[in-house]
Each structure stands twice: as structure tokens, then as C-alpha cells.
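Here are my notes on the model, point by point. Please keep the structure open while reading.

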Amino acid sequence: MALTTVFAQRASLLGALDERVANAAERSLGGVSVGPRDHTDLAFLREQGQAVGTLAARLDAEGNITTAEVIGSGGDPEALSSAQRAALEGIEADGSTHTRTVPGLGTYRITALTGDGLYVLTGLPMGDVQEMIGDLVTVEAVVAAVGLIVSGCVCAVVIRRQLRPLGRVAATAVEVSRSPLDRGEVTGLTRVPERDTDPGSEAGQVGAALNRMIDHVEASLAQRQRSEERMRRFLADASHELRTPLASIAGYAELMNRGTDKIEPTLAWRRISAESARMTGLVEDLLLLARLDEGRPLESTEVDLAALVAESVWDARAAGEDHNWQLSLLLDAPALVTGDEARLHQVVANLLANARVHTPAGTTVTAAVEATATSCVVRVRDDGPGIPPALLPSVFERFTRADVSRSRANPHEGGSGLGLAIVAAIVSAHGGRLDVVSEPGHTEFTIELPPAGTTELPAVDTVSAPSVPSVPV
């Protein structure tokens, strides 16, 4: 801004000076036109009103200076020396303005005019203009320097204030980096204060992003710890479940080694076979879960859920005659799904077995199949005591049992805690959804599978189909 002002002011002052120089040259040419046509006559310099420092010269036809004078400080014309006259050489009488430095006089703006065979050269000193420009440059330099200093101080203060949140963000990051994230429970990590998370500023955006990253790290570490805890519990439960039948097998074998009078061989072999079968079933369940976790493809055939559920209910009735078994079919369309029939049969059988084992005699267990053009739903409900509320969130996790102790009075009662986990894994592998609601007197497992010919599970319709009387089996 200062440079622009200086150049603009200089151009304005030079323009005004050039106009004065042109007027003075015209007056000079007019003065010599009315006088004698003598190339050495500078009588017009002696006229009234000529400013001190005004320079004039006469030229011949070849452009050579014949005479040159300047108005001295006393107001009288003074002849120029040869050196001063040499500084004026080479100026053509074309009306253009030139800047020349005349020794002993300073810098001049000079122009030369011609008319009626007469040539005059006129110049005015630039001292005033240069002085004004110099003063302006000084003032602008001082103002610019003061302005830069003041603005620098203001900017430094503002920037420091604006960067304070970044300093607090950096301090938070350093504190988090010093936290022991490799061991123990990772909770309560330091967060950036809310005042430093304003999305309207760059520092606030950085603070908010750091908080989101800390939340993600904390959640990930907590999830990893929960996974490790579940893995440790899984290994402990699996080891215990396998140890019990192995201990029984080893015990009966030891009794047989001591002699047949300790135990009948037939009974020992029967017990060894039973424990072997129990251990084999547990291992097969674990292998099935491992295969499902790996995402191995299942068989894909068209399965009639109505027939499959009916067969499962008949099997459950044979295994639990002290329960009341019912089958309900609500079919607005064929209950056909695409999947592995053996695995889907295992899903329904596990749910029915779960209801039989965990409810008292006389409990009514109903298996319902609902089919529409957009969904196939299987519901298994009972009017037993229900699932404990504390157990409900983890009911589909592996080795989840109502009796959490590993030292049960009768290890042959109850399951290993893998049945519902297998159900959840198989349903998920078929692209379905599994849900459970439970309260005393009503427990219901709901399986929703995409009907045959669809590739994705449709949205669940919360409106139930019209109820029809259940049919006792």
C-alpha cells in the first residue's frame, strides 16, 4: 500500500510539473516570437513572474544551444557554464519532457518547442517534487514499520490464543500415549475438553477428531479384552467339558485293569461308550462352530420348513413325553428356504431340546411356522419359567449356561452351553436373523430366514400374522 501510494503520488506530482514545464515553454516560445529573431535573445526570462530556478535556452536549427540562462536565487538570470550546457544537449524540439541532472542546479524537467523557425528550451527544477516524494516515502516507511510491528504483535497474540487449544490437544495426545494400553483394562482415557472440540475452528476439528480416535481405541481395546476373556473362559469350559468324560473313561478303564471283580465289564464298557459318545458330540459341536466361523459354504438345497419343523416336533415328543408339544402352521405361501437341511434341522432340534431340558414337566412347547411371500419365520415358545434376565444378553454365546459353575452335581444334566451358539451360527450362515424374548411364563425364540429365490433378508414386519389355534401333536 505504501509503495502504491508513493508511485501514485509521484506520478501525480510529475504530471503537474510537466504541465507547468509545458506552459513555461509555450510562454518562452511566445516571448521570442514577438522579439528580435536573434538566437541569443533570452529577454523573456526577465519578464515578471518567472520562478527561481527556471531554466531557458535558445537553439539553432541544428539543435545546438546558442545561449542558456537560469533564474538565480536573487531573481536575475545567470548564464550557464559549459558543463551545465552540456547536460542539456541532445533534447529534440518535439514537445516531449525529459529529466536531466544539471551540475550545480539539480534535477530538471525539460522540454523543447519550435515554432516559426524558432527553437526554445525550458525547464523547471524537480527539487520540490523530489522533496515531497522523499517526505512521503519517509512517512510511509515509518507508518508501514509501525503498522507491521503493531500488526505483528496483534497477530502473535491472536495466533497464540488460537493455538492454545492445539497445545491442549497435543498435551492430551501425549498423556494418552503414556497410558499403559498393553495390559489391564483400558478405560477412562483422557479426552480433549469440550471447549476445544468446536467444529467451527480448525483446532476444534482436530480436538474432536482426536476424541473420536481415542473413543475408537478405547472401544477396540475393550472389545479385544472382552474377546480374550471370552476365549479364556471358552478354553476353560471346553477343557472342563472334555475332562469330565475323559476322567470317567480313565476311571472305568482303571477299574477294569484291577480285575473284573471290581466292576462288571459290560457296565464298564457301557459307561465308557456313553462318555466317549458325549465327548465325541462335544468335539463335533466345536468343529461345527469352527467351520461356521471360517465361513465354509453349506449345502444349498430347497428346504420345506413346515415339514422340517413337524419332524423335529415329533422327535422332541418322543424324547420328552412329560411335556405338551404343539405345532402351529400359518402359511400364506410355501415355507420354502434355500439352505442346508441337516443344519436347519439341527437348529430346530436344538431349540426344542433347550425348551425340554430347561423347563419343568407339563410345560407347553409350541413350534410355529409362518410363511409369506417375503419371509419365512420359525418360532419356538414355551410357558416355562423363562431365561434369567442377567443371562439373556449372552444367551447365544458359547458355553453359556444358567448354572455358571463348572462343578455341577450331575454332569450329565443340562448341556454344554453350545446348543444356542450353534443355532445362532447356523442361522447367521443362512443369512437369517435370530432373536429371543423371555419373561416368566413366556419364552420365545424367533428365526427369520429369506425365502427361496431371494438373496437378502427382508425387513422384519412387526405385525404378527393372525393367530390360529395350536394343534396338539
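**Notes on the predicted model**

1. Start with the hairpin. Strand 10 and strand 11 form it, with 4 residues between them. Their pairing is antiparallel and runs over 7 bridges. Strand 11 covers residues 376-382. For a landmark, find Val-365, which stands opposite Asp-382 in strand 11. Bear in mind that this is a predicted model.

2. Strand 10 has another partner. Strand 8 (residues 324-331) pairs with strand 10 in the parallel sense, over 8 bridges. Here Gln-326 stands opposite Thr-366 of strand 10.

3. Is strand 10 buried or exposed? Of its 8 residues (364-371), 8 are buried, so the strand is largely enclosed by the rest of the structure. Both faces are covered. One side carries Thr-364, Thr-366, Ala-368 and Glu-370. The other carries Val-365, Ala-367, Val-369 and Ala-371. Note that the buried list includes Glu-370.

4. Next, the nonpolar cores. The largest has 43 residues. Leu-305, Val-309, Leu-351, Leu-352 and Ile-447 touch the most other members. Helix 6 (residues 305-319) gives the largest share of this core, 7 residues. Another core, of 14 residues, lies apart from it; among its members are Leu-59, Val-70, Ile-110 and Leu-121.

5. Leu-351 deserves a look of its own. Leaving aside residues up to four places away in sequence, Leu-351 touches Val-380, Leu-420, Val-423, Phe-445 and Ile-447.

6. Now helix 3, residues 127-177.

7. Which residues of helix 3 are buried? They are Val-129, Ile-133, Leu-136, Glu-140, Pro-165, Val-169, Thr-172 and Val-176. An α-helix has 3.6 residues a turn, so residues three or four places apart point the same way. Read the list with that in mind.

8. Last, a serine. Ser-438 sits in strand 12 (residues 433-439). A polar atom of the Ser-438 side chain lies 2.7 Å from the backbone nitrogen of Ile-387. The Ser-438 side chain also makes a polar contact with the side chain of Thr-443, at 2.9 Å. Setting aside residues up to four places away in sequence, Ser-438 touches Gly-386, Ile-387, Leu-392 and Thr-443.

Terms used. Residues numbered from 1 in each chain as written. Predicted model: local features only at pLDDT ≥ 70, side-chain atom pairs only at ≥ 80, totals over all residues. Heavy atoms only, no water. Helix = DSSP H or I, 4+ residues; strand = E, 2+ residues; numbered from the N terminus. Expected span 1.5 Å × (residues − 1). Buried < 20%, exposed > 50% of the residue type's maximum accessible area, 1.4 Å probe, protein only. Polar contact = N/O pair within 3.5 Å; in protein donor to acceptor, adjacent residues only side chain to side chain. Contact = heavy atoms within 4.5 Å. Pairing = 2+ DSSP bridges. Core = buried A, V, L, I, M, F, W, Y, C linked by side-chain atoms within 4.5 Å.
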